[in-house]
Each structure stands twice: as structure tokens, then as C-alpha cells.
Amino acid sequence: MSALFERLTRLFDEGHGVELADLHSDFNLAPPEIRAAAVLIAVTDRPEPGVLLTHRTPDMRQHAGQVAFPGGKLDPGEDAITAALREADEELALPPALVRVIGASDRFVTGTGYDITPVLGVVPPDLPLVPNPSEVAGWFEVPLDHLFDPANHVGRTREWRGRTRETIDIEWGGHLIWGVTAAIIVNLSRRLAWRDRDG
Amino acid sequence: MPYDAPPSLAALSLTEIAAAVEARKLPPVASWRPAETVDSHMRIAADGTWFHEGAPIRRPAMVRAFASLLVRGEDGRHALLTPECRQLVEVEDAAFVAVDMVARSDETGPALAFRLNTDELVVAGPEHPLRAAGDPDTPALYLAVRHGCEARLDRSTWLQLAEYALDHGAGSWVESVGQRFALTPA
């Protein structure tokens, strides 16, 4: 058994057993047609664990050039966990057999009409991941400590489709994580209480 | 990190080969001591093809990911290692196949570099010895890759090596990175 898997599982189970007010979601901006989607939050099993993030290809129709978790729309009949693993496989050649799934976290409805289920899992570190160039320009790994530190969650006001809205920026190593991805990170960090080392 | 397959071996200098070997980052499997052992239902055929539950794994990227976790224990059994689990893999001959070879020399002497079916480059030497098995008429050459796993030289690579040995000595041995390796079984 991996100590990281056990610790994340414990924090995940404890953190999702309570009501949390004010979790981020953009459901008030979403169109009436909502499509189900899933993303994989893959935590690397190393002494200082990291999280895998991708750069979308610059010419993608949606979310072009953005930093994102591996993920995408659910296929008919598919559940969120299967879809998240399939997308990570398609985008990064991350074998589903090497992901130990912990569970599905709070859904996030985007302003573009996706109902995203984040799936948390643990993966071996330093796998030779290969981006699929039609979907992903590249990938990088950010320390979990950095992502989950509230001091790194910087609130911003942006104009989006003629409306003013609050968003969050997380910077790391020259990468800017914002929008849906940053909001999902903040929600999960509130669930996991990762930084309460003695907790 | 985009993935760039190494260019054809013939185009590479010794410095470039060394840089490619150095740049490859692999999972730290030697630091893991998983308590659990299970069957992966995977098999690596003699030609290097991976099978899962009888079906070939056709995506090279998937094979590279699994191959980065391969170890061979002292009991001779191959396994995929993760922090939690040792998943046994059946290997028909060797876990890897060496599919190309190139000889380079610098001021320290000759170096023989091999390309594996997983696109990885390995330079024969003290850390990656060549081993000759089989019978003297039809020897089977193996190259130590990592964590006890070996690559079997395919026929054309073996012929390249034999030709190189004839051009650079008696033909019964080769030298790479300061070490001599016999090409016929002892």
C-alpha cells in the first residue's frame, strides 16, 4: 500500500462527508443544454507529490491554449471515472491500469455548458507520458503543496461575455492556471485539507 | 513536455547519444518495495510485442509507459512495479528487442549504441554488458537494459554486430566503453 494513496483516501473521505458552502461553480452562467464531462486529477506518488496538467493545443475549438486537466466529454453510457481514465489515456498515453482511483469530487458546471466531474487518482511518478498532438501540446507537473496553498490562489476580476466575474489565478513556474481548472483545484483543496499536516 | 522520438541512430554522434540516454527520465522503481504481488495478465512475445489478456497492445506510447516500470527479480520473473503493487508479466524471451546498432569512437575508444523497440538508446559497457547465449552456431545476443531486464538483439542487429566484429578484430569479440564482450557463448 502506498502511504500517499492511503493519506489522500482518508482526507478525501473525511473532506467529502460535510456540507461546504460557496464551492465554485458557474452554473448561473451556463446555457440550458448541459453536457456531462470528466477530468482526471492525477497525483504522482513521490515524496513531494505533484499533479499532472496539460496545455491544450492552440488551435482547439474550445479552451484553446489553456492549462487543463486531462479530460473531456462522457461517451454514451460511460460514467465519469471511465471517461476521465479514457481521456487521460487518449491525451497522454497514461495507462488506465496504472491509475489508482480515489473517487469523484464536487461537480463544476462551466459557463460553456459542461458539467465536469473531477476524478482524483494516484499514478506512479516519472512515467514517459506522450501528448497526443491533436488534443494536447504538452504536459507538466505542479507540486500539490503549491496548488493547494490558499496563498497561491489569487482572486481576479475578469470580463467574460459582457459580464464581470470573479476568477482565480494560480501561477507556477511560468504557467498560469485559471478559469475552470483553477476553480476545481480550489474546491478540491477545501475538501482535502492537505496542508493540515497533523490533521 | 512534448515527446520527440530520437532520430535514427545512424544520424547521431556519440555526444548526442549520451545526451539522449542522460535525458531519459524513468520512474524510480528501485525505491519501491510493494507488499502485494498480482498477475498483470500481460505477456511480452519474443518479437517484443506486448499482449494484455491475449490482445496485442498496439500503441507504442502505451508500451513505453509500461516498459518504464519493468523489473526482473532475482527469481528471474519479470514484473511491472508501482509503489503499491508488483504485477507479474510473462516474458517469452527478453523484455526488450534491440532493433538497430551503431558504432562510434572517441578518444577513449569505441562505443556500441543500440536502439530498442521502445525507442530507447542503450550504450553497451560495464553497466550494460552484452551476453552471448544459445549454441556457438546460432548464438543469441542479449544486452542488459535496466533492473535485470535484457534486450535480445534481433537478427539484423546481430548481423550488424557480427560484421562490425569482423571489421574490427577477430570477429569473436567486441569492445565498448572499455570492456570486451564475447560474441559466442562460453
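Pro125(A) is buried, since 21 other C-beta atoms lie within 10 Å of its own. In this predicted model, the residue is placed in the loop that links strand S7 (114–123) to strand S8 (136–143) of chain A. When its neighbours within four places in sequence are set aside, Pro125(A) is in contact with Thr44(A), Asp45(A) and Arg46(A) of chain A, and with Pro27(B) and Pro28(B) of chain B. A separation of 75 residues in sequence lies between Pro125(A) and Gly50(A), yet their C-alpha atoms are 8.6 Å apart in space.

The contact between the two chains draws 19 residues from chain A and 19 residues from chain B. On the side of chain B that touches chain A, 13 residues are nonpolar, two are polar and four are charged.

Within chain B, the domain assignment gives domain 1 (25–91) and domain 2 (96–182). The centres of these two domains of chain B, taken over C-alpha atoms, are separated by 24 Å. Twelve residues of domain 1 and eight residues of domain 2 of chain B take part in the contact between them. On the side of domain 1 that touches domain 2, helix H2 (60–67) and strand S4 (70–72) of chain B are the elements that give two or more residues. By class, this side of domain 1 of chain B comprises six nonpolar, three polar and three charged residues.

Helix H2 of chain B also contains buried residues, namely Val63(B), Arg64(B), Ala65(B), Phe66(B) and Ala67(B). The cover over these buried residues of H2(B) includes strand S2 (50–52), S4 and strand S5 (78–81) of chain B.

Positive phi values in residues other than glycine were examined next. Ala93(A), which is not a glycine, has a positive phi near 55°. Ala93(A) lies in the loop between helix H2 (80–92) and strand S5 (100–104) of chain A. Because 21 C-beta neighbours fall inside 10 Å, Ala93(A) counts as buried. In chain B, Glu53(B) likewise is not a glycine and has a positive phi, of about 50°. The loop that holds Glu53(B) runs between S2 and strand S3 (55–56) of chain B. Glu53(B) has 8 C-beta neighbours inside 10 Å and therefore counts as exposed.

Methods. Residues numbered from 1 in each chain as written. Chains lettered and ligands numbered in written order. Predicted model: local features only at pLDDT ≥ 70, side-chain atom pairs only at ≥ 80, totals over all residues. Domains from an automatic or database assignment. Contact = placed C-beta atoms within 7 Å. Helix = DSSP H or I, 4+ residues; strand = E, 2+ residues; numbered from the N terminus. Nonpolar A, V, L, I, M, F, W, Y, C, P; charged D, E, K, R; others polar. Buried ≥ 20, exposed ≤ 12 C-beta atoms within 10 Å, placed from the backbone.
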